[in-house]
Amino acid sequence: MRNASTRCRSGFGARRSLRGALVLAVAGAVSALVSGCSDGSGAQESEVASVDSGERGGSRSSAAAEAEAGRPQLRLDTTIEEEVRMYQGYLRCLKDQGVDIPRSGGKGGEDIDPNSLWFPGVNVAEEHPAAERKCLSKRPLPPSETDPKKNPNYMADYREWIECNNRRGLAVDPLPDGSGWNYREGGNIPDNADRIDSECRIEAFSEQ
C-alpha cells in the first residue's frame, strides 16, 4: 500500500495520475459543460434557436466535426502503451512550440520506449495557451463515452465510476464539477490502483 497524496485524476481523456497534469488542461471544459445546463441562459438560447435553429445548429455541428477531423480517437480500453503512442504527435508539436516536454525514461511500464515523449507536469492550456491552440488538432480525442458533449448520461456514469472505485478499495473523493477525482486525504492507494480505476471506468461508462 502507498500513502495517498492529493492528486487529481480527470475523467475527460486519460485515466492515470501520471498524466493528470496534462488532462487537467481540459477539465475546465468539462466544468463548463456540466454546470452550463443550469446557468440560466437556456431560455435565451432557445429563443434565438427558434428563429434559425437549422442553420445555426448545422453550422455548429459542421464546425465541431471539422475541429475533430483527423484527431486520434481514444477508446475506453486504450492501453497506456497505445495512448502514449497516440499522444506523440501532440507532444512533439508542444515541444516544437517551446513547451518543456520530458522523455518517458522508463515511466509507464517496460513496453514503453524510454525515449518516447512524456506528458508535461503543467496545465498546458493555462501555462502555454498559444501552443495548446497550435497543437490542439493533434491532441487525441477522449473516448466518446467520457465526453460530456457526446454522452448525455455523463454525470450518472461518472458517479458510478467513483462509487465503483470506493467499493473496490480505491478511496477517492469526486470533484464537484465531475471532471475527475482526488485521492482521499489520509487514505492509502492500493498497488493495483490503476487497474481498479481503469476497470471501474470501463464498467461505468460502458453501461449506456
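Does C164 count as buried or exposed, and at what relative accessibility? C164 counts as buried, at 2% relative accessibility; buried means under 20% relative accessible area, exposed over 50%, and partly exposed in between, with a 1.4 Å probe and protein chains only. This is a predicted model, in which local features need pLDDT of at least 70 and side-chain atom pairs count only at pLDDT 80 or more, while totals for chains, interfaces and linings use all residues. Residues are numbered from 1 along each chain as its sequence is written, and side-chain values use heavy atoms, with hydrogens and water left out.

**Confidence**

- The protein has an average pLDDT of 76, and 67% of the residues score at least 70; pLDDT is the predictor's confidence in each residue, from 0 to 100.
- Confidence is lowest in helix α2 (residues 27–35), with a mean of 35, and highest in helix α6 (residues 129–135), at 97; helices are DSSP runs of H or I with at least four residues, numbered from the N terminus.
- Residues 1–7 have a pLDDT below 50, and this stretch has 25 contacts in the model beyond near neighbours in sequence; a contact means heavy atoms within 4.5 Å.
- Over residues 11–55 the pLDDT also stays under 50, and the model has 78 contacts for them beyond four places in sequence.
- Where pLDDT is low, the predicted coordinates should not be read in detail.

**Disulfides**

- A disulfide is a covalent bond between the sulfur atoms of two cysteines; the criterion applied here is a pair of cysteine sulfur atoms within 2.5 Å.
- C93 counts as buried at 9% relative accessibility, and C135 counts as buried at 0%.
- The other disulfide is formed by C164 and C200, whose sulfur atoms are 2.0 Å apart. With -65° about the S-S bond, this link is left-handed.
- Because C164 lies in helix α7 and C200 in helix α8, the pair ties together parts that are 36 residues apart in sequence. C200 counts as buried at 0% relative accessibility.

**Aromatic pairs**

- The whole structure contains eight aromatic pairs; rings of Phe, Tyr and Trp (its six-membered ring) pair if their centres lie within 6.5 Å, and planes under 30 degrees apart count as stacked, over 60 as edge-to-face and the rest as tilted.
- Y154 and F205 form a tilted pair, 5.7 Å centre to centre with 40° between the planes. Y154 lies in helix α7 and F205 in helix α8, so this pair ties together parts that are 51 residues apart in sequence.
- F205 is buried, with a relative accessible area of 0%. W161 and F205 form an edge-to-face pair, 6.0 Å centre to centre with 65° between the planes.
- Ring pairs also link Y87, Y90, W118 and F119 into a cluster.

**Helices α7 and α8**

- E160 lies in helix α7 (residues 154–167), and E160 is partly exposed, with a relative accessible area of 33%.
- The buried residues of α8 include I196, C200 and F205.

Notes. Helix = DSSP H or I, 4+ residues; strand = E, 2+ residues; numbered from the N terminus.
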